[in-house]
Structure formats: C-alpha cells, structure tokens
2 protein chains.
Amino acid sequence: MEERILMAHGSGGKLSHELITQCFASKLDNQWLSRMDDAAVIDCAGGQLAFTTDSYVVTPLFFPGGDIGKLAVCGTVNDLAVSGAVPQYLSLSFILEEGLLIADLERVIDSIQRTAAEANVAIVTGDTKVVPHGKADGIFINTSGIGRVLPDIKVSGSNVRAGDAIIISGNVGDHGMTIMAQREGLRFDGDLASDCAPLNALIADMLDVCPQMHCMRDPTRGGVATTLNEIAAQSGVGMLIGDDTIPVRPSVRALCDMLGLDPLYVANEGKLLAFAPADAAESLLGVMHASKYGRDAAVIGTVTADNPGQVVLRTKLGTSRILAMLAGDILPRIC
Amino acid sequence: MEERILMAHGSGGKLSHELITQCFASKLDNQWLSRMDDAAVIDCAGGQLAFTTDSYVVTPLFFPGGDIGKLAVCGTVNDLAVSGAVPQYLSLSFILEEGLLIADLERVIDSIQRTAAEANVAIVTGDTKVVPHGKADGIFINTSGIGRVLPDIKVSGSNVRAGDAIIISGNVGDHGMTIMAQREGLRFDGDLASDCAPLNALIADMLDVCPQMHCMRDPTRGGVATTLNEIAAQSGVGMLIGDDTIPVRPSVRALCDMLGLDPLYVANEGKLLAFAPADAAESLLGVMHASKYGRDAAVIGTVTADNPGQVVLRTKLGTSRILAMLAGDILPRIC
C-alpha cells in the first residue's frame, strides 16, 4: 500500500477499493460494511431501513445540467433507491470555505430544495462548518439518507445470477464529460449536459414490473466498467458486454475520442445498471422507455457462469477483451 | 446579511444562527428543521427514530484527550443521546487531502473503532472522497447517526419550564482550551485535555432516574452560554445562573484568564446541560457523580418565568449581567 493518499484513492477504482479493503474494512468490519452495497440495510424501530452517506466535492460547483446541491440530493436518493428502498429522509451537512459568496450558497440551497421536492424526500437535519480561505474549496456537502426497505425486494451486488440480462438506463458518460469540458474550458454547440437526476420514481416503476430484480447500482465514479467489475466480483459471476449495444451520446463520444477516454470509465449521475432475469428484460425496457430518465435504456449484455469475476467486452468485429476496473483516476472530483 | 461567508458563520453563535435562519430555514423549512433540535425525530418503518448529522473539521487532527475520529463518533452519538434516543448506527464519510499520511488516517480509524465500541454503535456505511493538496486540510469527517427514540421520553429545546434545575455534567471549557493550547504551542504541566467522550451511557442512567427530563443538550460550539441562550429562546423562558456554581478546571481557568476568554463561551465535547424538574436534581446528581463522565456534575442555575429569552449570570458579589449568545468566533475549527 502507498504511504500517502493519492488522488486515485478517491477515483472509485482500484486504489479506492484497496484503501477500503486494507484500511477501513480491516479495522471497522461488520455484517453491514462487509456487504459493500450502496446502502446498509439495518433493523430499526421494528422495521428494515436503508441508510447511506456520500460527501460531494465536485468542481466546478455549477455545470450544465446541475450543480453540487442537485448532485448531493440525487446521489444519496439514488443509493437508497438502487438498494430497494423508498428514499424518505436526508441530512445535509456543509463545509464552507471562508469568502464563499452567500449568493452561490443560496443558489445551491435552492437547487437542493427543488431536487428534494422532485425526489419526494425531506431534509430533516443539518450542520454547517466553516474553514479558513484555502483550507477547502468553496462548498463541500455531505448528504446521508434513510429509506424504507421495500418488503420482498432482494437486491444486492451479491445476488446476480448467470443468465441475467444487464440493462443500462440510458446514455453513458454524460456527467463526467460535462464536468471535464467545463473544467478545461471546452465549448460545444451540442447537447452536452450532466445526466444528474433522481432515479427513485423510475426504479419504483421497474420494481413494479420486476419485483424479482437481482441487483441495481448507479455507475458513478469509475463508470459502467468499474461498477460491472465490482458486481462481477461480489456475485462471483462473469459478464459479457456488447460494445455496440452501449448507448453513448455523439457529443460524449466525440469528446472521449478527442481526449483518448473510454466512456465506459466516465462517471454518470443519473443512470443505473440493472441485473434481472432475462425474461423480465422486455417489460423492464417497456417501463424504462416510458420514463423521462430511462428513455434510452438498453440491454447491454448478459451474466455468464464462465469467467467469474471478469467482465468481457465483445466488439463489433467479433473480438473480445477484458474490461478491467478503473486503475488510475482519469477525472478527479466529478462528484 | 453579509455578502460572503465569514469564519463566524461556523462559530455556533450569532452569525451561525443568522445563516441558518435567513439562508437555510427560509428555503428548506419543514416540521423537522423548524424544531432546531440536535437530531430530527422521524417516523420510519413503524417506529420513531432520531437522525442527526455533523461534519468535523478540527485542527490539529490529534490533541490531548482525543482526535478528529473520536470527536466524530462522540459528537454524533451525543446528539442522538441528548435527543432521548439510543444511538445505534453511524455512517462515516471522509474528505481526504491528497498527500495525507495513510498512517495518520489509520490512527484516526483505530480511534473511531475504539470509540464506536465504547459507545456501542455500529458504523454501517461509508464514503471516501479525495481532493487535491491545498483544497482541504488533512481529514474532514462527516458522521450521521440513527437512534431508537425511547418511548415516553419527551426532551426538546422547547420543553424547558420555569422552576427547572439547570445541571452541567462537569468542568466547562476543557475541549476548546486544549485545542487552543495545542494550536498556539502553549505547554502546560497540568491536566489540560479534551473532555471528548460518548455520553450515551451517562444519559441512559439519568433518564432511568428522571424519565420526566425536559431537555438535554451538549454545549459544543459557542459553549455553555450559547447553548443556554438557544434553549431560553426556544422555550421562551429566562435562566438565572450562579457564576460561582460553574465547575471550571484550574488549568482552563488560568488559560482563559491569560487569553481574556470566558470559559462559558468555550466549546465542550463531553459535557451536557440537563433541564429537569427541581425535585429530580438530587437523584440526577447521584447517578451522574457515580459515572466517569459525570463526576463533577453540578446544579448551575434555575429556569425562570422572568426575562424570557434571556440568560442572567449572578456573580459572587451579588451583581447580575446578561449572558449573551456568542457574537464572533473566538476559536474556529474546534470540532
């Protein structure tokens, strides 16, 4: 292990996993953390709850399609929803840098309010800390969230089975490439905007038609490729992905080509991967295409008993290659 | 209101309250936030839960009596316990600065593990973000917490009644003055150490002998004076405090005198203020004195119907003065 924290320890990829395994899990391990799911399912007050937390350090604070406040609500709402829970209550904690324009803070709070209203969650408790100029970067936000676990829904990264269809809810890479374009001052005439969105209504529709869903996860840091690898490892299965089945917006494809990036490693903030019995795929796509956040949903592959722990990408030319977990950090601070 | 965020917006005092009222409450207000208690009590899964959040930005990361990890567990455990809940589950989210020594992170995690074990809470979910060198300051931690609300316990900042005894659980100002001494490089031969401690076991004992408790709160940022003012305003009552009844460690008194500070405005991280019917005070002091975190507990005053919203301090000489809420920020980043 490294001696010091590197940017890649926050990438969501290989070094993040090393840090979690060797540093956190070894000291704090328990039945909840060891599941490595997006939210913990806990017994509380006579029922089952999902509980999750995320800190947000995105830069810039405002970008096409969203801002750090919208991101902070959506990220936590989505972590609860993909865990098979109905998101209900959020906490909201700010670390503010001295000198921040209060008008910027107010803009972020307005966005939080709007997004929480859309996602039908209440912000019930909060905290604010201030650190001197130069000891933070504008606004950092933590949101933690609680949701009611839906009875009879059993979704987990370890529940995926050979034969499952792998579905993505829409175009890949929008959020990460939007942030990168903003940061590098690249201008596009086109439609490049973050996909940042609360997915709980879409997920509720999906679970209605497919209560036997095996797993859902939002492919944020590390992108689709990293999330697929995580789940392949957790469930001890292989995955076969069709390169030409993955929906990518032309502007994202162009920018990725220009910068030598693979959209499968670029972060999304309003997308989910679903793993469901193959015979449920058609009805799932039906409800997804009818939702504003699932219009471009597509089956991108299938789960295999072969190659456990590995994700194989099949190209249009019929060749295959292994799609590994993100190794370095192509794009820090995208969430 | 100011145009930019000042350090005093994070002080817990007057500007913090202004920011919360004018900026957060006006946009996000709901039945939970408007109570302004340390934790929200929410209906969930058929029962009642307390839910709270805090971010920790203390500097230095390690200090006599504790470190940022111990602080992050104790602060959230205490916010749940003073809300009349049994702390059960914590989330743990890190914002790490690139270049941080992993050995320092491990030391913090060890401390989190030990403190969580003492407080009998489980850390069930987590997150890690990394920001570039110079965009944070070592380690920032957010802990959010969930606890089971004890039936028949009704404690709130708005429940305090005229005639209530005001009890402090021990010496005032230890945490803040320890941090200040560390930061300024002041050395003492004496016993100066942070009081940082989980108070849930002490509080359970107190509620056993006094289930009719009206209010408990931990006087952290802004100190005892600010917390008393908050509660006086919430409950619409006055308070009369005896200057010579407030326990202060001699080393803290000496350092405060030297620096021109009033220990009543200095932060505590292992103390609580309790407001209980006067006839329960003696039995409360009995169980408190028997606990390792309540050995120096004392009645420091009484709640009055006169002077609603005001805290009056009576000196040894028989003179009185109004003890206002903290105005500026005497000591930033103490938690």
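This briefing describes the contact between two protein chains and selected features within each chain.

The structure is a predicted model, in which local features need pLDDT of at least 70 and side-chain atom pairs count only at pLDDT 80 or more, while totals for chains, interfaces and linings use all residues. Residues are numbered from 1 along each chain as its sequence is written, chains are lettered from A and ligands numbered from 1 in the order in which they are written, and side-chain values use heavy atoms, with hydrogens and water left out. Chain A and chain B bury about 6700 Å² between them.

**The interface as a whole**

- The size of an interface is often given as the accessible area lost when the parts come together.
- Of the area that chain B and chain A bury between them, 69% is on carbon and sulfur atoms; buried area is the accessible area (1.4 Å probe) that two parts lose on being put together, summed over both.
- In this interface, 79 residues of chain B are in contact with 79 residues of chain A, where contact means heavy atoms within 4.5 Å.
- The rule finds six salt bridges across the interface of chain B and chain A; a salt bridge is a side-chain nitrogen of Lys or Arg within 4 Å of a carboxyl oxygen of Asp or Glu.
- A salt bridge joins the side chains of A:Asp127 and B:Arg221, with an N to O distance of 3.0 Å.
- There are also 29 residue pairs in polar contact across the interface of chain B and chain A, both residues at pLDDT 80 or more.
- A polar contact is a pair of N or O atoms within 3.5 Å; within protein, one must be able to donate a hydrogen and the other to accept it, and residues adjacent in sequence count only if both atoms are side-chain atoms.
- Elements that each supply at least two residues of the side of chain B that touches chain A include α1 (14–28), β2 (47–56), α3 (102–119) and β6 (122–131) of chain B.
- Helices (H or I, at least four residues) and strands (E, at least two) are DSSP runs, numbered from the N terminus.
- The side of chain B that touches chain A has 41 nonpolar, 21 polar and 17 charged residues; Ala, Val, Leu, Ile, Met, Phe, Trp, Tyr, Cys and Pro count as nonpolar, Asp, Glu, Lys and Arg as charged, and the others, Gly among them, as polar.

**Two residues of strand β6 in chain A**

- A:Thr125 is found in strand β6 (residues 122–131) of chain A.
- A:Thr125 counts as buried because its relative accessible area is 3%; buried means under 20% relative accessible area, exposed over 50%, and partly exposed in between (1.4 Å probe, protein chains only).
- Not counting residues up to four places away in sequence, A:Thr125 touches residues of both chains, among them A:Leu90, A:Leu92, B:Leu33, B:Phe51 and B:Thr53.
- A:Lys129 is found in strand β6 of chain A, and A:Lys129 counts as buried because its relative accessibility is 2%.
- The side chain of A:Lys129 makes a polar contact with the side chain of B:Asp54 at 3.3 Å, and the side chain of A:Lys129 reaches the backbone oxygen of B:Ser55 at 2.8 Å.
- Leaving aside neighbours within four places in sequence, A:Lys129 is in contact with residues including A:Phe94, B:Val57, B:Arg221 and B:Cys335.

**Strand pairing in chain A**

- Strands β10 (residues 238–242) and β13 (residues 311–314) of chain A pair in the parallel sense over four bridges; two strands pair if DSSP finds at least two bridges between them.
- In this pairing, A:Met239 stands opposite A:Val311 in β13(A).
- Three bridges join β13(A) to strand β14 (residues 320–322) of chain A, and these strands run antiparallel.
- A:Arg314 has A:Ser320 in β14(A) as its bridge partner.
- The hairpin of β13(A) and β14(A) has five residues between the strands, and A:Gly318 takes a positive phi near 90° there.

**Backbone features in loops**

- A cis peptide bond, with omega about 0°, joins A:Thr59 and A:Pro60.
- A:Pro60 is found in the loop between β2 (47–56) and β3 (62–63) of chain A.
- In chain B, a cis peptide bond joins B:Thr59 and B:Pro60.
- A:Asp152, a residue other than glycine, has a positive phi near 70°.
- A:Asp152 lies in the loop between β7 (139–149) and β8 (165–168) of chain A, and A:Asp152 counts as exposed because its relative accessible area is 69%.
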